[in-house]
Amino acid sequence: MMIKKIYQSAFILLVLISTSSCKKWLDLQPQDGITKQEFWKTKEDVKAALTGIYSSLVGGSVEERIFAWGELRGDMVTLTTYASEDFRQVRNSNILTTNSISNWSSIYNVINNCNLLIDFAGDAKALDPTFTDRLYNDYVGEALTIRSLMYFYLVRSFRDVPLKLKGSYKDTDIQEIGKSTAAEVIAQIISDLNKAKTMVPHKVSDSDQVNKGRITRYAVFSLLADVYLWNEQYQEALTATDSVLINPDFKLVKGNGFFLSVFGQGSSSETIFELSHQSSVSNVFYSLLADGRRIYTASEYVPTEIFPSNTQVDVELVDGRSNFYDLSSTIRKYGTDNPNFTNFQVYRISDVMLMQAEALNQIGGKQNGDKALAILKNIRDERGALDATDPEITDGDDTEGIGLFILDERAREFAFEGKRWFDLLRYAKRDNYANISILQDLISKISDVTVQQSALNKIRDTNSHYFPILESELYADTKLVQNPFYLK
Amino acid sequence: MMTKRLMIKFLCVALGFAVFIGRSQAQTQPTTLTVTGKVTDRNDKLPIPGASVTVLDKDNRTVSGAITDIEGNFAVRIKDKSHRITVSFIGYKTSKPVVIGERKTVNITLEAEINALNEVVVRGQADVDNGTGLPISRIRNTAAISSINARELQEMQSSSIDQALQGRLPGVDISTVSGDPGAGMQIRIRGTASLNGASDPLIVVDGMPYEITIPDDFNFATSDDNAYGQLLNIAPSDINEISVLKDAAATAVWGSRASNGVLVITTKRGAVGPPTISYNFKGSVSPQTDPIPTLNGNQYTTLVLEEFYNAGRLFSTTENAKQFQYDPNDTYIYHNFSNNSNWNDAITRTGYYHDHSLQISGGGEKARYLTSIGYLSQKGNQIGTDLDRITTRVNLDYNVSERIKFQSDVSYSHVDNNQAYSTKIRDVAYQKMPNQSIYEYDEYGNLSDNLFTPVSTAQGTYIFPYRSGASDGTYNPLALASRAMNHQLGDNLNTRFNLRYQLVPNIVTLVSNVNFYVNNNKTKTFLPQNATGRPFTELNVNRASDGDYDQFGLTTKTDLFYTPNLGEDHQLTGGLSFQSYDGRYTIQGLAVSNTASSYLQDPSIPGRTNIDKSAQSTVTQSRSIGLLAQVNYFLLHRYTFAASIRADGNSKFGPANRYGYFPAVSAAWRIGEESFIKNNFDFVDELKLRASYGKSGNAPRNDYSYFNTYNTYGYSYLGENGVYSSNLELSDLKWETNTQSNVGLDMELFDHKLRLGGEIYKRRTTDLFFDDLRVASYNGFNTITLNAGTMDNDGWEASIGYTALRNKTWTVDLNFNIAHNQNVIREISRLYQIESAKNITKNKTFYSFFQEDNPFGSFYGFRSLGVYPDKASTVAKDRSGNPILSPDGEDVYMRFGYPTVDYVFQPGDAMYDDINHDGVIDYRDIVYLGNSNPKLTGGFGASINYKSRLKFTAFFNFRQGIDIINGTRMNTTDMVSYNNQSTAVLRRWRNDGDITDIPRAVYGTGYNSLGSSRYVEDASFLRLRTATLRYELGQNFVKKIGLKTFSAYVTVENLLTFTRYTGQDPDVSVRINNADDKTIDYSRTPPSKTITLGISTRF
């Protein structure tokens, strides 16, 4: 009997121990990651999350998207046989709602990273007494700016997009929000940037590389100027460009070193904001532009229209910017080594200069027009632009001519930097689509002969200038409404 | 933490033990005396040397012992006069215990054992085994359990028991994933009840759950679905019985992991008797099954030229035109591209297999043992695939006393498996241009030993499959099969310790089990340059990877059984069980590419480049606990009531939903015992009606999903490392619950000659897990896992066994089983993408559309009407058959996809049914084409025994009413690319007026292979799965050669298949995880025809 009792009590003890502690016993923490409960405690956590935002920009899928949205519908690139059908259909203005190019998830992934930082940096600040206001403002301001940059890409590519300003981190955060109009999104961008311009310092580090690889106050102003130009707020754009150009440290790199210094090495005196790949992750552009199975090459219009050779004076004379591609039309701007760590330039000083020229020209008046021409001349002289590309406008009142000149000069200056289509669209849509004919010319250049007529018809519908929302997104959010052009 | 808990648990048990032993020692009196004696043979009175003399206490526990000397004398120390002495020796009956009392000398005589072997322990009723050890006899069973004795399977050539089980048990659908050695099978019990949770059944070996799944994140190398079939590494010859638990009454006791059914495997154990050594040998050859015939080089070249001509393209200008020009002046190209290579022959061979197993078993009253060692070696039909396996097992039973018994089992297996580097090799071989040479010719036309692997050919180049299932491009398939390595090594150690203690003799029993499980796997892959011919600048040249997957599991199960004695009319069995599982695994992997030489095959060797995800390391742990109470009450030998409730806790859920409660009730009525049956129908031996209802739960696959985790990027930004929120926290995830009701009938008639069984069940899965449910990506994530739906699996099963003849000379047994399962989705999340492939205008795309209350696996497409023979036939016709005229009165021709595609059909194009008669083939003409769920599955067989010496068995299995898309046919008759085609295209449309079913060849364009009824085939089949002829040598002869038994047999497998399916093999594994999943057969290695010669002997 004694034995039995001992056994029984041992068993009961065993069961009791096991059940009473099973609550704890079943609580297992992952061992290869930090959980949210352990995160957002110190300023270092916030800094790591900020670095994470930048890392999410350079992983490849974001740059790939930016490049596709900015160049694919333009006339500077053409497709190789390795490009998939989806690419071709974009070129032919035959974009289906299942076309993978309109997949925006990588962009929203960055936006979510920004949102989480904006939401939770305050938690860390409350817990970490060494987290100063200055650092807090810097981190949150950078996140706000990158979020704005992402929304700016979206609004230019899709027009009306969902405006998600709160981070998602758990299943119950998944809500249907539908989409906001382009005006609302732009208003949000402008308000965020105006906030960020007071939060982000002029310099975040003593290192040039860091100052150019991260958002500084100059980057905020550059983006702001770009947004104002898109929104046809020229006076505000002008003010914003002034805030950048006031800094004499940003200057054009003169002479032959330009190509190597600005693109090959990166972080030159020209750069305001770049996505840095230096000694980190190789560039997606190698596989897109330089690899044997590359998708894009320079189009036939680059050597004939963008950089025509100077027949009259000296055949040997070349525009310093025409080194961006070689005889086999390979785009060399991002290097041809594998792996490749060339930085992606988002804003350079020449961009801000040309934006200022554009703002001045749109504000109008002879004086402003002359200033714009002076800026153009300055850039062209530094780059060694050929006479063949000079429309020889002298009259500052020739707003139309100067406008076209700026557009063309931008094509040369920012060839293959993911800006061409946005420049064309901005030009075309200005003043209520006064210049829509430029898109029609474009379509007749880039689309296949067989579909040219239908493509020309489609481009007349301004809704077609924006990508459709990917069909699978519509399933996931019933409040999302498709761009009317893509509704049958 | 976990180890601490366990320590405490063990301490408790150990403490109990210590106290127990301490006490029993304290009980004894301090006086010791020596007892001597002599052991002699009862018959010849000669002394027996070496006999074991054992001193037992009142519980028959061994206290001390001795061995007799050469004179048969022994001396033992006795501490208690109540102790008894017993003597045992091989070949003699063990003596009855003799009480010592006051005696100083005890002489014992032993009686020789004449027929110990024939002594059979006859038990009143065989127990049914639900694995938990609850002692319930078969007549009291209330659950749907079917069992099969492994003896019925032992003659088959199968490295894993799942292969042998195919078609044997009603409601258990086992299908082949691939015929390659080491490839797994897919087991489904009563259909698929979970889409994204685990859908494999729980496997219980000797009462303890057995881990057979590999986590999803071990995808480091090239592993895919079939790669880890080797997990169930129990040698078939070690298995005694396999039971399948199907209904909720049976599975509920296994709780959270049993919602897909339970496979209970019992291994053989030693029996009382002298050592028996048995040896089994199986050797087999499997010739290659006939492949789909493909074009030879000349026919192929003609076809390619015709494709280009029909597409209006100039062939001679393409860069690869030389490969088709057969220009003798261009000697190198000419010799290498003017062949008639048969690629399929090149990559296949005759497979063979041999399996040896040696088993020693025996034992006495106290201890019984069974130990076995097995070695299996298999060469697959496809070059580069083989399997070697060593298995060992020791099963030990020891009776410490009447009340304490323990078992200790150790099994170990080692697997060395070479698998194909790519699962697509066979597919590529089918499509590979046959005019290309297998081996390279030099420019003088001399054949070299080098495999011909040009950088690229007209067909393109090798593409590294970054995802499994992705395209591989094209390459020399023999080069890839023979040069690339996918080598898997596995070591699996499984130990079980079981202690059974009768707290109150025959009334309360405590059973405690501890099981350790160690499973280490290694996958090494290497892709040398010469397997693909790609230049060294590419990342997939000399690409080496090495992945380790190490798993450690600890399972405990402590049961308390209560069997009170309530008299004849009441039998009550109660059980309380506490189970715990703690498993952890680590995954480590390393990959490198561009090592300097094809002989440098290890990723530790520096390569030229770093590749993405070149190192991986994961540590994961999961735990679960279960507390089960069950009771079974048997009244008046006729009525049984059973109930159980199980509480489950699982670490994969967040604190809010961590526990689940799963009850089950069941009852059985032995109608056959009622007097109105007994008296009136005396041919009824047994008639039992069963009914059950119960729930079981399923946990998700992934661990830690209720945490939002921050991970680091694999690269830095400006020298700093960033983190990102890597997943959505699943705070809301609940148990997936399976509710099943079952009604069953068991009948045995005519002196047990006819045995009938039937089951009808309804099974509903609620809170169905959906992985990767799409969420709007503006949330920063694309997918989420949710409980989002309800699914039903309803069906029935029936089995018939009939002993047609049973006399001294002949025994003839027949058996048949059949099952039907219907899988229907009742409710689904709105987030679920119910449509797929809206761009049905793409060739080879089928449309899937999912509707609630419809089964999964339906697919839609165009109805094929053959081929337009001429221009006139392409005129569009309206509903009444009159030509449709344009506004200006001209004929309108059939168009495709107007206005977006607007292709006008040409003579020779595939004709699709214009359902709405609008002259346009588009999405409005899509119709239902089929469903990939089989209607009926099952098998039947016969066994004929002549004088217990000659035995013939045959077994057929079948599947009926399943539609499969013949993907190989789709790819081998499309004629749009450089891919080789099947010989069916020789009857393709060529000239106006040709009436045929194969359209014209057009390179690159056309709509001749749209997803249509042309590729949908009925894959019903009836297969002679196995037939065996066995001969057993006569006892007298066998004795003369010093053996106990000897038999030899011949088995043929997969000898005959009756099917209308035109593909390689109709037994295609049906894997339906999504509404838009449909079964497409791309011709994996088919199961081969096998001839096995086997020997089994005992001595």
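Reader: Which residues of helix 12 of chain A are buried?

Author: A residue is buried under 20% relative accessible area, exposed over 50%, and partly exposed in between, with a 1.4 Å probe and protein chains only. In helix 12 (residues 258-265) of chain A, the buried residues are A:F258, A:F259, A:S261, A:V262 and A:F263. This is a predicted model: local features need pLDDT of at least 70, side-chain atom pairs count only at pLDDT 80 or more, and totals for chains, interfaces and linings use all residues. Residues are numbered from 1 along each chain as its sequence is written, chains are lettered from A and ligands numbered from 1 in the order in which they are written, and side-chain values use heavy atoms, with hydrogens and water left out.

Reader: What do the buried residues of helix 12 of chain A pack against?

Author: Contact means heavy atoms within 4.5 Å. The buried residues of helix 12 pack against strand 5 and helix 16 (366-383) of chain A. Just after helix 12 of chain A, A:G266 has a positive phi of about 80°.

Reader: How many helices and strands does chain A have?

Author: Helices (H or I, at least four residues) and strands (E, at least two) are DSSP runs, numbered from the N terminus. Chain A has 21 helices and 5 strands. Of its 488 residues, 61% count as buried.

Reader: Which strand pairs with strand 3 of chain A?

Author: Strands of a sheet pair through backbone hydrogen bonds, either parallel or antiparallel. Two strands pair if DSSP finds at least two bridges between them. Strand 3 of chain A pairs with strand 5 (residues 344-348) of chain A, antiparallel, over 4 bridges. A:L275 has A:F344 in strand 5 of chain A as its bridge partner. Strand 3 (residues 271-275) of chain A is mostly covered, with 5 of its 5 residues buried.

Reader: In what order do the strands of the open sheet in chain B run?

Author: The order is 8-13-14-11-12, with mixed pairing. Strand 8 (145-149) and strand 12 (208-210) of chain B are at the edges; each has a single partner strand, so one side of each lacks a neighbour in the sheet. Neighbouring strands of this sheet are turned by 25° against each other on average, direction ignored. Strand 8 of chain B runs antiparallel to strand 13 (residues 239-245) of chain B, joined by 5 bridges. There, B:I148 stands opposite B:I242 of strand 13 of chain B.

Reader: At what angle do helix 3 and helix 6 of chain A cross?

Author: Two packed helices are described by the angle between their axes and the distance between the axes. Axes are lines fitted to C-alpha atoms, for helices over the stretch in contact, and angles run from 0 to 180 degrees between N-to-C directions. Helix 3 (residues 43-58) and helix 6 (residues 105-127) of chain A cross at roughly 175°, their axes coming within 10 Å. That makes helix 3 of chain A roughly antiparallel to helix 6 of chain A. Angles under 35 degrees count as roughly parallel, over 145 as roughly antiparallel, 65 to 115 as roughly perpendicular, and the rest as oblique. Among the residues in contact, A:V46 and A:L50 are in helix 3 of chain A, and A:V110 and A:L117 are in helix 6 of chain A.

Reader: How are helix 18 and helix 19 of chain A oriented, and which residues meet?

Author: Helix 18 (residues 420-433) and helix 19 (residues 437-446) of chain A pack at about 140°, with axes 8 Å apart. Helix 18 and helix 19 of chain A are therefore oblique to each other. A:W421, A:L424, A:L425, A:Y427 and A:A428 of helix 18 meet A:I438, A:L439 and A:L442 of helix 19 in chain A.
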